[in-house]
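Here is a short briefing to read alongside the model. Take it topic by topic, and keep the viewer open as you go.

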Amino acid sequence: MGFEIFKKEEAALAAAKALLQAGTLEGAAAQEHFETLTKAYEKLFKTTKRLVRMSDRNEAELNRATKSLDEKNAMLEGLSKKLAKYLSPQVYDSIFTGAKDVALRTERKKLTVFFSDIKNFTQTTEDMQPEDLTYLLNDYFSEMSRIAIEHGATIDKFIGDAMLIFFGDPESRGVKEDARACVAMAIAMQRRMRDLQERWRSKGFTQPLQMRIGINTGYCNVGNFGSEDRMDYTIIGGEVNLAARLEGNADPDGILISAETQALVSDLVQTEEREAIQAKGIRKEVRAFAITSIMDGFENESRYVKMEEDGLYLLLDLEKMDEDKRKQTITHLLGVVQRLAT
Amino acid sequence: MDTVKIQGSERTPEVDFDFGSNVFVLSGESYPEDVTAFFGPIIEKLEAHLEAQSGAEIRFDFELVYFNSSTAKVLMGLFDTLDAAAESGNDVTVTWIYASDDDNIQELGEEFAEDLEHARFVLKEVDPD
């Protein structure tokens, strides 16, 4: 007899049946009881075999379903990763964790609003090839978005060359900390711009982009605006417009903040009061402060070392210097020093 | 003495039976399309081998992470065979290896072990992969 998973049970049953057929059991009652027992065992055995078969089928079905579910999950994960790029990480998280309803609902909150754009962008676009402009803009937005995310900002939207970013929703560390995080982010962005400008210049772009930033703190309406079918998570209100006005009045490579924001960050940055701004819809003039300490200590943390004088042009990208390259550069520079000394 | 080595697949376990040294290992997942076709030849060979042993030291390691009901029936039969080998004078150790986070496999091992009367049973917890 070959291998069968119920080999032993089948053998026991066959033996019992043979015994019954032989009729060697003593007494009619014993014969009858043994027959009943054998029939009951046979029935139980059949049921067990059926149950095992059924269980195997169910398990196989479950395996198939799990596999298909895994595939669907992987697909959804891929899809949500793609979708995440269209949303701010905090907005994405609050929707995907179920912390926020996707519904037309807004609330009034004190936020710090950041507005930026590129000086003379329209002029620049006319003077440049579209490919070059695409490269510059992507480089610019990628770097700025990375800094914004690092600082916990909610990136509202990119409008052409402009960025609308805010702090205080869906996550807030308190009004003061939100304002400080926003100003720290703006400074980090302008510092990074300095590096980017060097990079762009070294690639032959004669008009590197220059960013202007305006920051204001105040009550805004934040939430989902639009229709039930198509909504936009954004902010509206006079304070948002004021941030835009401040940005319009900021120096190129500068940051202009309102008195409200300045009061929250006065121990963090040095500022200089500028001419007050007359904003639409605001009766009083708005006091404005330019941050003067943007580049403090920047030379030591910049990835570039740059020297430019008549007869000398040096640009060193420290991030590209691994151990070997560093040694090689030192040898080159020593060679230059020797030539200069003779 | 020969060995039987079958590489594990998605549905079938890895088999490593060393008849010479009496060390047998069954590991991985087991839900074969045809449980009789997969286990038949190796179990028959194992049963014949164990019946011929006397005073031998026999080790059987089970390191399964998932198996279906038919496989469970095969395993119960294997436990019976190993216990019979122990009863007939062999030193049999059955080791049931399970991941520390897999309560199900641990419990199944404990249940199977209830049928062992003569063989030594070792429940061994390992770190999950």
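**Backbone points worth a look**

Pro170(A) sits in the loop between strand S3 (162-167) and H6 of chain A. Please keep in mind that this is a predicted model. The notes below start with the backbone and go on to domains, strands, salt bridges and side-chain surroundings.

- The peptide bond joining Asp169(A) and Pro170(A) is cis, with omega at about -5°.
- Most peptide bonds are trans, and most residues other than glycine have a negative phi.
- Asp253(A) is not a glycine, yet its phi is positive, at about 65°.
- You will find Asp253(A) in the loop between helix H7 (238-249) and strand S6 (255-258) of chain A, where its relative accessibility of 24% makes it partly exposed.
- In chain B, Asn22(B) is a residue other than glycine with a positive phi, near 60°.
- Asn22(B) belongs to the loop between S2 and S3 of chain B, and with 6% relative accessibility it counts as buried.

**Domains of chain A**

- Chain A is divided into domain 1 (7-70), domain 2 (110-301) and domain 3 (306-341).
- Between the C-alpha centres of domain 1 and domain 2 of chain A there are 78 Å.

**Strand pairing in chain A**

- Six bridges pair strand S9 (residues 304-309) with strand S10 (residues 312-317) of chain A, in the antiparallel sense.
- Within this pairing, Tyr313(A) in S10(A) is the residue opposite Glu308(A).
- The hairpin of S9(A) and S10(A) has two residues between the strands, and Gly311(A) has a positive phi near 85° there.

**Strand pairing in chain B**

- Strand S1 (residues 3-6) of chain B runs antiparallel to S2(B), and four bridges join them.
- On its other listed pairing, S2(B) joins strand S3 (residues 23-30) of chain B through five bridges, again in the antiparallel sense.
- Asp18(B) in S2(B) takes part in both pairings: Thr3(B) stands opposite Asp18(B), and Val23(B) in S3(B) is a bridge partner of Asp18(B).
- S2(B) and S3(B) make a hairpin with four residues between them, and Asn22(B), with its positive phi of about 60°, lies in the turn.

**Salt bridges**

- Over all chains, the structure holds 30 salt bridges.
- Glu143(A), Arg146(A), Glu150(A), Arg192(A) and Asp195(A) are linked in a salt-bridge network.
- Arg146(A) is partly exposed at 39% relative accessible area, whereas Glu143(A) is buried at 13%.
- Glu143(A) also forms a salt bridge with Arg192(A), where the closest N and O atoms are 2.8 Å apart.
- Because Glu143(A) lies in helix H5 and Arg192(A) in helix H6 (residues 175-202) of chain A, this pair ties together parts that are 49 residues apart in sequence.
- Glu143(A) and Arg192(A) are both buried.
- Arg180(A) pairs with Asp267(A) in a salt bridge, the closest N and O atoms being 2.8 Å apart.
- Arg180(A) is in helix H6 of chain A and Asp267(A) in the loop between helix H8 (259-265) and strand S7 (271-277), so the pair ties together parts that are 87 residues apart in sequence.
- Arg180(A) counts as buried at 15% relative accessibility, while Asp267(A) is exposed at 56%.

**Nonpolar surface and a buried valine**

- Leu83(A), Tyr86(A), Leu87(A), Ile95(A), Phe96(A) and Val102(A) make a nonpolar surface patch of about 620 Å².
- Leu87(A) lies in the loop between helix H2 (28-84) and helix H3 (89-96) of chain A, and is partly exposed at 34% relative accessible area.
- Val94(B), in strand S5 (residues 91-99) of chain B, is buried at 0% relative accessibility.
- Beyond neighbours within four places in sequence, Val94(B) has contacts that include Phe60(B), Phe62(B), Phe79(B), Leu82(B) and Leu116(B).

Conventions. Residues numbered from 1 in each chain as written. Chains lettered and ligands numbered in written order. Predicted model: local features only at pLDDT ≥ 70, side-chain atom pairs only at ≥ 80, totals over all residues. Heavy atoms only, no water. Pairing = 2+ DSSP bridges. Patch = residues over 30% accessible without salt bridge, like charges linked within 9 Å, V, L, I, M, F, W, Y side chains within 5 Å. Areas by Shrake-Rupley, 256 points an atom, 1.4 Å probe, with all protein chains shown as cover. Salt bridge = Lys/Arg side-chain N within 4 Å of Asp/Glu carboxyl O. Buried < 20%, exposed > 50% of the residue type's maximum accessible area, 1.4 Å probe, protein only. Contact = heavy atoms within 4.5 Å. Domains from an automatic or database assignment.
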